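Thanks for making the time this morning. Please have a look at the model on the screen, and then I will walk you through a few of its features.

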Amino acid sequence: GNGTGTEYDGSYNSVIIFYGLTEEAELEIFNINGALLFSKKLPEGNWYQWDVKDKNGKSIPSGVYIYQITDTKENKKRGKFSIIR
């Protein structure tokens with residue numbers, strides 16, 4: 001990798017990029033049953049590239065997932081995404 005993030009390895013959803021983040025936001029990823037798979041206090045910067053792995057470093061299987069981003073003022077943004085492997 002050359003570090004630009006433009007490489008594409010031919011698999012779906014090898015990374016997911018979250019844009020428009022505020023400083024020190026927290027990203028949480030849940031499965032459809034509401035179990036927390038991943039959470040991270042995000043570094044400074046308005047985007048984060050997630051490698052689609054859970055908190056144990058295992059690749060998350062195909063399915064529908066929910067993300068929640070919470071800023072320092074406790075504003076929450078939620079959405080859904082699918083992973084296809």
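Let me begin with I29, which touches F18, A35, L36, L37, F38, W50, Y65, I66, Y67 and F81, leaving aside residues up to four places away in sequence, where contact means heavy atoms within 4.5 Å. This is a predicted model, in which local features need pLDDT of at least 70 and side-chain atom pairs count only at pLDDT 80 or more, whereas totals for chains, interfaces and linings use all residues. Residues are numbered from 1 along each chain as its sequence is written, and side-chain values use heavy atoms, with hydrogens and water left out.

Which residues touch the most other members of the largest nonpolar core? Of its 18 residues, they are F18, L27, I29, W50 and F81; such a core is a set of buried (under 20% relative accessible area, 1.4 Å probe, protein chains only) Ala, Val, Leu, Ile, Met, Phe, Trp, Tyr and Cys residues joined through side-chain atoms within 4.5 Å. The largest share of this core, three residues, comes from β5, a strand being a DSSP run of E with at least two residues, numbered from the N terminus.

Finally, the structure holds one salt bridge, and in it the side chains of E74 and K76 meet at 3.9 Å, N to O; the term requires a side-chain nitrogen of Lys or Arg within 4 Å of a carboxyl oxygen of Asp or Glu. E74 counts as exposed (over 50%) because its relative accessibility is 55%, while K76, at 47%, counts as partly exposed, between the 20% and 50% limits.

Conventions:
Helices (H or I, at least four residues) and strands (E, at least two) are DSSP runs, numbered from the N terminus.
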